[in-house]
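Here are my notes for your first look at this structure. Please keep the view open and check each point as you read.

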Amino acid sequence: MNLKIAVLPGDGVGDEVTAQAVRVLQTIAQHENHQFEFTEMPIGGVGITKKNSPLPDETLEVCLNSDAVLLGAVGAPEFDHLKGEMRCEAGLLKLRKRLGAFANLRPSVCYEALADCSPLKTEIVAGADILIVRELLGGLYFGEPRQIETNGANREAYNTMRYSAAEIERVARVAFEAAQTRGKKVTSVDKANVLETSQLWRETVNKIAPEYPEITVEHLYVDACAMALVTNPKRFDVILTENLFGDILSDEAAVLTGSLGMLGSASIGGAVGLYEPVHGSAPDIAGKNIANPIGAIASAAMLLRYSAQLEKSAQNVESAIVKVLSNGHRTADLSKSNNTIGTSEMGDLIVENLEEIYKANRAFSAT
Ligand code: IPM
Ligand code: MN
């Protein structure tokens, strides 16, 4: 298989963690005889420094001409004063929009080996396995009008939460289809007791639900969902929700996994899939080789799954991650002890374990 992958390391720890994800993909390509072609391009603060734009035209062009985009993180304190379209985050939002990536899949799995890393009680988190399907191109993030207005001494600001039924329906279908391959339950999260957008959301989900008779559907208000995520996370399978609710709930769900550094994500539905860890650029720990690369590596696994249709390879990467964690290896975010490993060492161990998996497979097919 030939795969063109645009690599956008971005800011802060983006560089370090993406490098490990690329190594993992190279290992897969080598063992399965694929041609993966990587093209590195600037985004975020790096884009501003090099090309005076958080999403330079050349970067967007390479992304649109690729089969998948692997992104690190955007955002740096030295660019925090910038406004509007010059913000690092605006570059990422524009990229999501231009790729048409309307469904953001954020799995939050509590691996057995990490159950005691969560600040929540082990019996609450052990076995939790949630997929958040976050709408990514609508709601308050993109709604117009939006503005800060100054009238004399009065300053006023507004954003617009707006959804069409078509936007809700397409992301709801992604959630229903994902649930079919998992626990067969969709929890649609909204604020229908207050917001019209949520009332339309609920109505639209209910309208298409009969097309998926094997899926159980429930509706939950976002405030109740926020509480249930930390009191009874095992009640969830797939959570379907709008953009801002999904942003907030996915950080909260990260608590189940032991660290925000564990979570990968896939943004799909458009022409080109976008894969990025859920964590941010973490400028305070950048350049120190201490960031957890597992979120980025898990994103690479999702790239294999959704953009390359290499399900088995994706599973191999996920197995290698689990193996390394089961063997007790931890980056600093996952352990209070001094006995932690760095970003590149974690990458080394995952690559090594991946190679073991291929070696074992070869031995198996030879017998
Ligand atoms: C995320 C991030 C982004 C978002 C920011 C960086 C724009 O928090 O991917 O969750 O809000 O979507
Ligand atoms: Mn977020």
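1. Start at helix H9. Glu242 caps its N-terminal end: a side-chain oxygen of Glu242 lies 3.0 Å from the backbone nitrogen of Leu244. Such a polar contact is a pair of N or O atoms within 3.5 Å; within protein, one must be able to donate a hydrogen and the other to accept it, and residues adjacent in sequence count only if both atoms are side-chain atoms. Helices (H or I, at least four residues) and strands (E, at least two) are DSSP runs, numbered from the N terminus.

2. A word on the source. This is a predicted model, in which local features need pLDDT of at least 70 and side-chain atom pairs count only at pLDDT 80 or more, while totals for chains, interfaces and linings use all residues. Residues are numbered from 1 along each chain as its sequence is written, chains are lettered from A and ligands numbered from 1 in the order in which they are written, and side-chain values use heavy atoms, without hydrogens and water.

3. How long should H9 be? At 1.5 Å a residue, its 12 residues should span 16 Å. The expected span is 1.5 Å times one less than the number of residues. The end C-alpha atoms of H9 are 17 Å apart, which agrees.

4. Now look at what H9 hides. Its buried residues are Asn243, Phe245, Gly246, Leu249, Ser250, Glu252, Ala253 and Ala254. Buried means under 20% relative accessible area, exposed over 50%, and partly exposed in between (1.4 Å probe, protein chains only). The cover over these residues of H9 includes strand E4 (103–109), E5, E8, H7, helix H8 (222–231) and E10. Cover here rests on contact, meaning heavy atoms within 4.5 Å.

5. Helix H7 (residues 196–208) passes the length check too. Its 13 residues should span 18 Å, and its end C-alpha atoms are 19 Å apart, which agrees. The buried residues of H7 are Thr197, Ser198, Trp201, Thr204, Val205 and Ile208. They cover an arc of only 125 degrees around the axis, so they sit on the same side of H7. The arc is that of the directions from the helix axis to the C-beta atoms.

6. The face away from its buried side carries the exposed residues Glu196, Glu203 and Lys207. On the buried side, the cover includes strand E5 (129–135), helix H6 (165–180), strand E8 (185–190), strand E9 (216–221), strand E10 (238–241) and helix H9 (243–254).

7. Helix H8 gives another one-sided pattern. Val222, Cys225, Ala228 and Leu229 are buried in H8. Seen down the axis, they fall within an arc of 115 degrees, so they line one face of the helix. What covers them includes E5, E8, E9, E10 and H9.

8. Which residues surround ligand 1? They are Glu89, Arg96, Arg106, Arg134, Tyr141 and Asp247. A residue counts as near if one of its heavy atoms lies within 4 Å. A polar side-chain atom of Arg106 lies 2.8 Å from an oxygen atom of ligand 1. For Arg134, a side-chain N or O atom is 2.8 Å from a ligand 1 oxygen. For Asp247, the corresponding value is 2.9 Å. Taken alone, ligand 1 exposes 320 Å², and the protein buries 78% of that. Accessible areas come from the Shrake-Rupley method with a 1.4 Å probe; for residues, only the protein chains shown count as cover.

9. Check the loops next. His34 sits between helix H1 (14–32) and E2. Is His34 buried or exposed? His34 is buried, with a relative accessible area of 12%. Its side chain joins that of Glu32 in a polar contact of 2.8 Å. Not counting residues up to four places away in sequence, His34 touches Met1, Ile28, Ala29 and Leu310.

10. Pro42 lies in the loop between strand E2 (35–40) and helix H2 (44–51). At 14% relative accessibility, Pro42 counts as buried. Beyond neighbours within four places in sequence, Pro42 is in contact with Gly47, Lys50, Pro56 and Thr59.

11. Finally, some backbone details. The peptide bond from Glu144 to Pro145 is cis, with omega near 0 degrees. Ala282 is not a glycine, yet has a positive phi of about 40 degrees. Gln309 has a positive phi near 50 degrees, and Gln309 is exposed at 59% relative accessible area.
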